[in-house]
Amino acid sequence: MINLLHWQEKRTELGIPLEAKLLISVGELSVRKNHKVVVEALNEIDNPETYYIIVGRGNLKEELESADQTGRLKLLGFRTDIVDLLHCSDLFVFPSLQEGLPVALMEAMASGLPCIASRIRGNTDLMEGQYHGNLFSASDLDETVRIVRTAIMNKNINLKVRHEINMHDYDTKAINKKMSDIYSLFQDN
């Protein structure tokens, strides 16, 4: 019950209707992070119940605001409550053109949030197997629209995320065991 109230409070704070599908991306507002393709996809989907929030700051803020034709894009700037934002969202979108280690994607997957991502190195490594179908070409608007549309309509996508979390040993028991093993190494020395 507390989690539900917190979810409602966060959505209300952001001005997101409780019944809306909420997409979230985390990353600087730069060409490399490629948020514009998701904004353009949202314009194409034109579903009045789909909102998109981006956590990050950068020099493309005005360009992204101009590209939004829906009025359902919210640029949140720098935030320290990313975990809360992930928990009040329905889908994590990671459209980068280039990444090193996709930490934001890893955090979203570990939180259990359904994810879709661009088909680039790093993302493809994390999202292999069944989850591989949630990858899109970051330079192909039509494919991005198709994947976003499918993801927001797919009620079983969270099951795929849970499966991937378990397959990659991101579950709590596995992490606790690994941390215990690491600490025991230091205690022995």
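This is a short chat about a predicted model.

Reader: Hi! What should I know about the model before we start?
Author: Welcome! It is a predicted model, where local features need pLDDT of at least 70, side-chain atom pairs count only at pLDDT 80 or more, and totals for chains, interfaces and linings use all residues. Residues are numbered from 1 along each chain as its sequence is written, and side-chain values use heavy atoms, with hydrogens and water left out.

Reader: Thanks! How many residues does helix H7 have?
Author: Helix H7 has 13 residues, 141-153. Helices are DSSP runs of H or I with at least four residues, strands are runs of E with at least two, and both are numbered from the N terminus.

Reader: And which residues of H7 are buried?
Author: They are Glu-143, Thr-144, Val-145, Ile-147, Val-148, Ala-151 and Ile-152. Buried means under 20% relative accessible area, exposed over 50%, and partly exposed in between (1.4 Å probe, protein chains only).

Reader: New topic: is Asn-34 buried or exposed?
Author: Asn-34 is buried, because its relative accessible area is 12%. Its phi is near 60°, a positive value in a residue other than glycine.

Reader: Where is Asn-34 placed?
Author: Asn-34 is in the loop between strand E1 (21-26) and helix H2 (36-45).

Reader: What about Met-1, buried or exposed?
Author: Met-1 counts as exposed, because its relative accessibility is 76%. You'll find Met-1 in the segment before helix H1 (2-14).

Reader: Last one: are Phe-92 and Phe-94 buried or exposed?
Author: Both Phe-92 and Phe-94 are buried. Happy exploring!

Key. Expected span 1.5 Å × (residues − 1).
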